[in-house]
Every structure is written in structure tokens, then in C-alpha cells.
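Thanks for making the time this morning. Please have a look at the model on the screen, and I will then take you through it piece by piece.

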Amino acid sequence: MKEAHTAQASASRQSIPGFCGLCKSRCGSRMVVEDGRLVAQQPDPSHPTGRAQCVKGRAAPELVYDPQRLLRPMLRTRPKGEADPGWREISWDEALTRTAAALARIRDESGPEAVAFAIATPSGTPIADDVRWIERLANAFGSPNVANGTEICNWHKDYTHVHTFGRGIATPDFAHSRCIVLWGHNPRDTWLNNALSIRDAKARGARVVVVDPRKAGFAAGADLWLRVRPGADGALALGVARAMLTHGWFDADFVRDFTNAPLLVRSDTGRFLRAGELAVPPAGAAADDFVARGADGAAVACAQGVGARRGAGVQPVLAGACELADADGRRVHCRTAFSLFEEACAAYTPERVAALCWIEPGQVEQCARLLHEAGAAVAYYCWAGVCQHTNATQTDRAIATLMALTGSFDAPGGNVAFTPLPANDVSGKALLTAAQRARCIGLEQSRIGPACNARIGSDVLYDAILEQKPYPVRALIGFGCNFLLNHADAERGARALGALEFCVYADVTLTPTAALADIVLPICTPWEREALRVGFEGSQAAEQWVQLRLAAIEPLGESRADAWVVFELAKRLGLAEHFWGGDLEAGLAHILDPLGVCLEQLRRTPGGLAQPGATRYRKYLEEGFQTPTGRIELYSENLLAHGVPPLPTFVEPADSPFGSSAGDFPLVMTTAKLRHFRHGQDRQAPSLRRRAPEPAVHLHPDAAHARGIAEGDRVRVRTANGSIRVRARLDAALDARVVWVEYGWWQPGGRGGADGYDALSEQGANYSRLVSDRRVDPVSGSQPLRSGLCEVELEGPRLQG
């Protein structure tokens with residue numbers, strides 16, 4: 001493998017084109033280097049995502065030269081549980097040899113499934129540079145147990161959405177949108193490039209609707225801000241859908257022609273009626289055709305897909321019920337999927353939604369009207385704000401079916417799958433056999449959740465380690481996933497990781513999770529390594545961009561890229577044949593093969609290359625929908641077959657303010673990412689720490705006054721699962737019954753600083769300690785990070801000055 005190329009120039013100051021790897025925005029940037037030292041990262045307006053740089057991106061030099069960074073491999077020399085792990089610096093050769101030997105031994109004794117992999121989210125960390133190689137290593141090794149946080153990050157918008165549309169949420173076409181809905185998503189803090197696109201769309205006259213318990217991001221200037229109770233989003237979506245149906249504010253032609261709304265559903269089985277089940281099938285019908293009803297009452301055969309055998313000029317009706325004779329002469333009662341969907345929404349009147357969601361009744365109809373007035377140019381995005389609940393699957397279904405009513409699917413101004421560049425997928429999915437995939441420990445929880453993709457949640461990982469359910473997981477290889485700060489139940493997580501027979505972790509700093517490992521491997525920052533990206537996100541222009549980011553500076557110390565670690569481990573594990581003989585350059589070239597672009601060409605043009613490509617709208621007219629009925633599914637027979645309601649429904653979060661626990665814990669508790677930090681990272685950067693010096697709980701002044709709490713007081717947040725100490729910050733925009741607690745706090749501001757927080761102590765500020773992982777979403781396994789119950793109590797002296 002060639003070492004990462006470092007850009008050269010004769011001048012002592014260089015401005016090197018690249019892109020920021022810190023988060024999903026992947027903002028085009030210029031890396032400024034003086035005498036071999038990174039001094040700044042600046043926006044690159046010539047790049048399709050380079051109009052601006054956020055505060056985190058501008059802090060790049062602080063992250064590179066952080067004195068807390070890991071710079072050499074380390075070996076634990078004392079037993080886990082002792083206060084001092086006795087870290088000893090070792091060589092890379094020893095670290096990798098020890099790691100490969102331990103993993104191979106456990107694989108040979110218990111099968112590769114006894115080794116789990118953990119991967120940080122590519123949405124909020126630089127792991128996106130190399131995540132495909134880590135996934136390939138897991139697949140080649142044979143492990144079906146990869147914990148990558150999908151259940152609390154992207155699963156619902158990218159995979160649960162498939163049960164409605166046959167694809168994930170796709171990209172909002174902001175340039176043509178007339179109405180933009182941000183549902184549990186604050187791009188100003190998490191996706192800068194999209195935030196700029198929304199700002200531009202708003203300036204052109206697009207309406208903006210924000211659904212968020214906090215007045216954050218675009219909520220302050222939105223045309224409509226819906227201050228929903230955390231975890232009640234599903235009820236709101238069903239209420240807005242009811243208003244659209246009641247007033248006829250939906251695209252009836254689109255719903256009839258491109259959703260499964262007209263198809264008849266048998267009342268006895270809940271399955272769609274097939275033509276072959278009828279005593280007298282419609283003329284020319286195939287046995288497996290679906291059945292609808294025409295306006296004249298006659299049965300209409302509908303083939304799978306958007307085309308339908310309707311007879312001469314016959315249109316199926318949306319609403320209605322009927323009885324038809326089956327092949328055995330019995331009368332079968334049926335209703336259209338549309339009628340069943342209407343019934344599912346009917347109970348969510350504006351008054352009921354207001355009571356459940358803690359909003360004004362009139363806002364329900366106001367939202368429905370805004371969607372209706374935008375026609376088919378409604379773009380939306382929902383993310384962690386709607387997925388980190390125990391009812392996340394049904395919430396996603398409610399939002400998706402609501403948006404289907406607008407007719408905006410893949411339309412100009414809607415959510416569009418922009419044309420991607422051709423590239424080879426090197427994640428190695430085919431390397432994991434079907435037999436091994438079936439060994440995934442998460443399949444006992446759900447066969448249509450993340451486990452069907454060999455992905456697991458931290459809850460089932462801990463079960464397998466601590467309780468050997470369904471079998472023991474003995475080892476873990478982690479790449480940056482900080483379980484103890486970003487997943488529920490830090491104490492349980494610490495017990496589980498401490499009980500592993502072997503654990504190796506690769507990270508930039510010694511996080512509380514990495515500190516529980518036997519071997520720690522130092523990873524370099526994005527500015528110290530090459531990264532290949534074929535297609536960015538956010539627009540067609542971004543999708544057409546291919547770029548090889550050069551290393552701006554040499555790696556500090558002995559830190560290495562995740563890709564280097566993967567390829568070296570693969571060789572030692574006897575897997576080199578799956579990794580181009582251990583040649584990373586060959587692997588990168590393989591990615592580019594379909595594109596007809598070579599690595600050297602990209603190195604000569606480090607700013608990136610635009611490739612030909614054009615947006616295709618309404619692709620379903622030619623390609624249909626990748627769903628069982630070949631249509632958008634308001635009613636899902638597949639979900640029914642897996643014991644999941646076929647229609648969207650609202651279920652209260654596991655910790656409900658209307659439940660028995662509300663007496664002891666009367667406040668609804670949620671959390672959110674701070675603009676200045678990425679998850680449990682970056683608090684060691686001085687410029688960022690100054691913006692948020694201490695962890696806080698944000699509460700309404702009335703709630704604070706009732707508890708004798710003033711701005712800046714030291715308070716304790718207490719739940720049934722644990723407690724932490726933080727500062728009180730007052731926010732009059734919150735509902736007085738809701739608080740939001742900052743998460744991710746552990747790092748001191750500098751090496752040896754006194755402003756760090758013990759992640760496992762009630763004197764610390766780790767939000768994870770407040771949330772249990774014992775009750776999760778039954779399909780996805782999503783944890784209730786954003787809809788808990790708590791109490792806030794005054795503790796300690798007040799701040800002075």
C-alpha cells in the first residue's frame with residue numbers, strides 16, 4: 001500500500017483543497033498549512049458543498065493538535081476494574097499481532113459470530129472516510145453482529161421508510177420546494193450545507209414547517225412551529241393526515257394511481273384480496289392480481305405495480321366496502337386500504353392531537369393547509385428527533401404515509417433520489433454467508449429491523465455479553481463507537497465491555513468506552529489521511545462530484561487511518577485475498593472502475609471533478625416502487641406478516657406523562673445535539689468549549705420557579721434509571737412540562753483539566769445514565785433517548801457573578 005500522499009508546494013503557506021470529514025455535510029474546504037502544520041480550515045465556494053464552514057470545522061487545528069490525542073498503540077497491563085489500567089505503549093506490529101491472534105482464537109473456538117464489531121456513526125464522525133473497509137472486514141471475518149448505531153440514527157428514515165415507499169427518505173429538492181418540513185431535524189446544527197439550501201429556498205418564498213419540542217434552528221423564523229411533546233410525533237402526523245383527508249387537501253389522483261389505497265383488504269385475514277380467491281375473477285385477471293372496485297361496483301383486477309387491468313375506462317374507487325363470493329362460495333367482507341387508513345386517522349381530531357401533543361388545535365389544520373397549498377412540491381426530512389423513541393417505527397410510518405398524500409414523491413420540489421455516480425460497492429455484503437447472517441443476535445428481537453442487515457443495537461450486544469443470549473459474544477473490535485456516552489445505560493454498557501474476554505478499540509482519543517479495551521489503537525484525524533468520496537449529498541451537483549482528499553499534513557505520532565488498520569488486520573487474519581492482497585490503492589481503484597477515473601487523475605485535481613449527470617424526476621413511472629404491491633404502501637401486508645400493525649398507529653412512549661411513573665417524575669425529558677459539538681466529541685477544543693463551558697438542563701422558568709431553581713444553579717436530574725449533576729438554563733420557549741438535557745459530556749477542556757466529567761458517576765453529567773435500554777422499539781430496537789421522564793432538583797451553591 002502506498003502511504004497517504006501529502007500535498008507539496010514551494011511556499012511555506014499552502015491552501016489545499018479538500019472536504020471536511022467531520023459530519024454528513026462533507027463541506028468543501030481549503031486546508032491551510034504553514035510549515036507543515038495545519039493552521040486553518042476554510043470554506044471552498046467552488047465546491048458544491050463548500051459555501052460555508054461551521055464552528056466545528058473551523059476548529060480543525062485544535063482537534064489535530066489536541067494534547068489528549070492518542071498517538072501510540074497501548075496495551076492494558078492490569079485487570080479491568082482496577083483504577084489504573086497500567087497502559088503500556090507498544091509497537092503497531094505487537095498491537096496488530098496480539099489483536100489478530102485473539103480474534104482468530106475466539107473465531108476458531110466459538111465461530112466468527114462470537115466477535116462483534118462496533119462502528120461510529122458516519123453521519124457525525126470522520127469514520128465515513130473508511131467505514132466501507134470496516135464493514136468489509138466484518139463481512140469477510142464472518143461476523144453478523146455489527147453495532148453501528150443505526151437504530152438510534154438513520155434506520156427509520158432510511159429503512160423503515162422502505163415499508164412505505166420502497167426506498168429511504170431520499171434528498172429534499174430544496175431548489176424547487178414550495179414547502180419544507182423539518183421534523184425532528186435541525187440542519188443548522190447538524191447539516192450546514194442543507195441549512196444554507198433551506199435558507200435560500202425560504203428567501204425564494206418556500207414555506208417552512210418545523211416540528212420540534214425546542215425553538216431551535218429554523219423554528220424561530222418558521223411559517224409554522226409545532227412544539228410537539230417528545231415522543232408524540234406519530235399522533236401529530238395522523239392528525240394532520242386526518243385534516244387533509246377530511247378537507248380533501250390531498251392528491252386523490254396520485255393516491256389512487258400510485259399507492260395501494262384502492263386495493264381491497266379482507267376483513268377476515270387482513271391480507272389483500274387476490275383475484276384467484278374469488279368465485280368469479282375479473283375477466284383476464286391472473287390469480288395473484290390484487291382486486292379493487294370500480295365506480296360501478298364491479299371487481300377490478302390490479303396487477304402488481306402502478307399499471308392496473310381496469311377494463312375499458314374503469315377507475316378503481318378509493319373508499320368503500322363490499323362483500324364478494326370466494327372460490328368456496330363464502331361471502332368475504334372487504335374494505336379498501338384507503339378506507340382503513342382513513343379509519344386509522346379518524347380518532348386524531350385536532351382536539352385529541354392537541355391534548356396528546358401539547359400544541360394548539362388550530363395548528364393541526366394550519367399544517368395540513370400548508371402542505372396542501374404547496375401541491376406536489378413538499379420536501380421533508382426527519383432524523384434523530386423522531387427515531388430515538390420506543391414508538392419510532394410507527395412514527396416513521398405515520399410521517400411517511402402523511403407525506404404520500406401530497407403526491408410529492410420524487411417530484412420537483414419533493415424528496416428526490418438524485419442520479420448517483422457509478423461506483424463499486426466494496427463493503428463486501430456478499431462475503432457474509434446467509435448462514436452467518438441468520439446467526440445475528442438481533443433477529444430474536446425483530447426479523448425486519450436492523451438485524452436483517454446484520455446490524456445490532458447496544459442492548460442486544462450487552463445481553464449477549466452479560467447473559468449469553470442467544471449465545472455468548474466474547475470479543476469486540478471497535479472503531480470509534482462511544483457506547484457509554486451515546487447509547488442508553490452507561491453502567492450496563494460498562495459492565496458488558498468489562499466482561500469481554502478481549503476488546504480492541506481504534507479511536508482518536510481515549511474515550512470512556514475505549515478505556516475499557518485491552519488494546520487501544522491511535523487513529524489520525526481527517527486532515528492527516530487521504531479520503532475518496534464518489535458523490536456528495538444535498539443536490540444533483542453534489543452527487544456528480546468525485547474527489548480524493550489529500551492528506552494536508554503527516555499523521556501525528558504513530559497514528560494511522562482506520563483503513564490502514566483494517567487492511568493490516570485483514571492480512572494477519574488470513575483475509576488478504578478479500579482485500580486486494582492488502583493493497584489499499586487497488587481497493588480504491590476498484591471503487592473507481594465504473595467511473596473511468598483513476599487515482600492519479602484525482603490526485604492531480606485535489607479540488608474534485610464534476611462528472612456528467614442529470615436529475616430524473618418521477619422515476620416510478622418507469623421503474624415502479626420496490627414494495628410488495630409495487631405501489632406506495634399505506635397498508636403494509638409485509639408488516640402484518642411480521643406481527644406489526646399494517647397501518648400507522650400511535651403508541652405512547654414507554655415512559656409516558658400519562659402513566660404511573662409521572663407522579664415521581666413529572667417532567668418529560670428529551671435531549672439534542674449541541675451545535676458546537678459532535679455527539680460525545682470536541683469538548684476539548686478551547687474555541688468550542690468557550691461556547692458551552694458546562695453541561696446543562698434547559699427548563700421553562702415556571703418549572704424552575706416551582707422548584708426553587710434559578711438560572712445557573714447546580715441541579716440534579718433524576719430518573720428511575722439514575723441521576724446526574726448539571727447547570728440549570730432557563731428557556732421560556734419550552735413547554736413548562738418539558739426539559740432537554742445536553743448529552744455527550746465527559747472530556748476536560750485540556751489535558752488534566754478539572755472540568756471533565758466521570759461518565760459512570762452520579763456526580764458526572766453523562767445523559768446515558770438517565771436512560772434504560774430495557775424497553776426499546778419492538779421493530780428497530782430504538783432506545784428512548786428523547787422521551788423519558790425525570791425530575792429536576794436544586795443541588796449545591798448558586799453560581800456567583
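I will talk about confidence, then a sheet, the cysteines, a serine in a loop, and finally a helix and a strand.

What you see is a predicted model, in which local features need pLDDT of at least 70 and side-chain atom pairs count only at pLDDT 80 or more, while totals for chains, interfaces and linings use all residues. Residues are numbered from 1 along each chain as its sequence is written, and side-chain values use heavy atoms, with hydrogens and water left out.

On confidence, pLDDT is the predictor's confidence in each residue, from 0 to 100, and the protein chain averages 96, with 97% of the residues scoring at least 70. Residues 6–10 stay under 50, and for them the model has 10 contacts beyond four places in sequence, a contact being heavy atoms within 4.5 Å. Where pLDDT is low, the predicted coordinates should not be read in detail.

Now to the sheet. Helices (H or I, at least four residues) and strands (E, at least two) are DSSP runs, numbered from the N terminus, and two strands pair if DSSP finds at least two bridges between them. Four strands, in the order S11-S10-S9-S17, form an open sheet with parallel pairing. Strand S11 (224–226) and strand S17 (378–382) stand at the edges with a single partner strand each, so one side of each is left without a neighbour in the sheet. Between strand S9 (residues 179–183) and strand S10 (residues 207–211) there are 5 bridges, and Val-181 stands opposite Val-209 in S10. Helix H13 (residues 361–373) packs on this sheet, touching S9, S10, S11 and S17, and its direction makes about 135° with that of S11. Helix H15 (residues 392–404) also packs there, touching S9 and S17, with its direction at about 175° to that of S17; axes here are lines fitted to C-alpha atoms, for helices over the stretch in contact, and angles run from 0 to 180 degrees between N-to-C directions.

How many disulfides does the whole structure hold? The search finds 0, where a disulfide is a pair of cysteine sulfur atoms within 2.5 Å. For Cys-367, the closest cysteine sulfur is that of Cys-179, and at 7.2 Å it is too far for a bond. Cys-452 is likewise in no disulfide, the nearest cysteine sulfur, in Cys-440, being 8.9 Å away. Cys-367 is buried at a relative accessible area of 3%, whereas Cys-452 is partly exposed at 32%; buried means under 20% relative accessible area, exposed over 50%, and partly exposed in between (1.4 Å probe, protein chains only).

Ser-780 lies in the loop between strand S29 (738–742) and S30, and is buried with a relative accessible area of 3%. Leaving aside neighbours within four places in sequence, Ser-780 is in contact with residues including Glu-151, Trp-155 and His-156.

Strand S30 (residues 788–794) has 5 of its 7 residues buried. Strand S25 (residues 667–672) pairs with S30 in the antiparallel sense over 3 bridges, and strand S27 (residues 714–718) is joined to S30, also antiparallel, by 4 bridges. The bridge partners in S30 are Cys-790 for Leu-667 and Glu-791 for Arg-718.

Lastly, helix H21 (residues 562–572) is mostly covered, with 9 of its 11 residues buried, among them Trp-564 and Phe-567. Those buried residues pack against elements including helix H3 (92–110) and strand S20 (502–507). Just after H21, Gly-574 takes a positive phi of about 75°.
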